[in-house]
Amino acid sequence: MSGLEELEQAFAYDREGFEAEAIPHYERAIEAGLDDEQLVKAMLGLGSSLRNVDRIDESVTVLENAVERFPREQALPVFLAFSLWSAGHGNEALSLLARRLGEGSGYERAIGEYADDIARSTS
């Protein structure tokens, strides 16, 4: 199967709630090569599916890589925050979302300072 066919198969499994079955299709789609638009969807789907089958650390890694590679894709940090939360890193998740929501607000410095405080806190 081509990368796009693998991706379509992964989406089909995901829509039916079969995340575990979707994962190898996402992985093969990514390996086979996709254009950037499809790669974003594949990485998001893979990260989300990994989280849903309790492979949290792998999910965080995939989504961190996706956010780094595609920093302007709005949904990626949201899904990364979900995975961070599931990994027990709620403060880091909130900090990430606060920074993202604060982009372009004119309050980036203040939000960044508060986000740093949140990320460093232990409660």
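Two residues are in contact when they have heavy atoms within 4.5 Å of each other. Keep that in mind as you explore this predicted model, in which local features need pLDDT of at least 70, side-chain atom pairs count only at pLDDT 80 or more, and totals for chains, interfaces and linings use all residues. Residues are numbered from 1 along each chain as its sequence is written, and side-chain values use heavy atoms, with hydrogens and water left out.

**Overall fold**
- The chain has seven helices and zero strands; helices are DSSP runs of H or I with at least four residues, and strands are runs of E with at least two.
- Along its principal axes, the C-alpha trace spans about 50 × 30 × 20 Å.
- Of the contacts between residues at least 6 apart in sequence, 44% link residues at least 24 apart.

**Inside the chain**
- Buried residues (under 20% relative accessible area, with a 1.4 Å probe and protein chains only) make up 36% of the 123 residues.
- Leaving aside residues up to four places away in sequence, Leu76 touches Val40, Leu44, Leu63, Ala66, Val67 and Phe70.

Definitions and conventions
Buried < 20%, exposed > 50% of the residue type's maximum accessible area, 1.4 Å probe, protein only.
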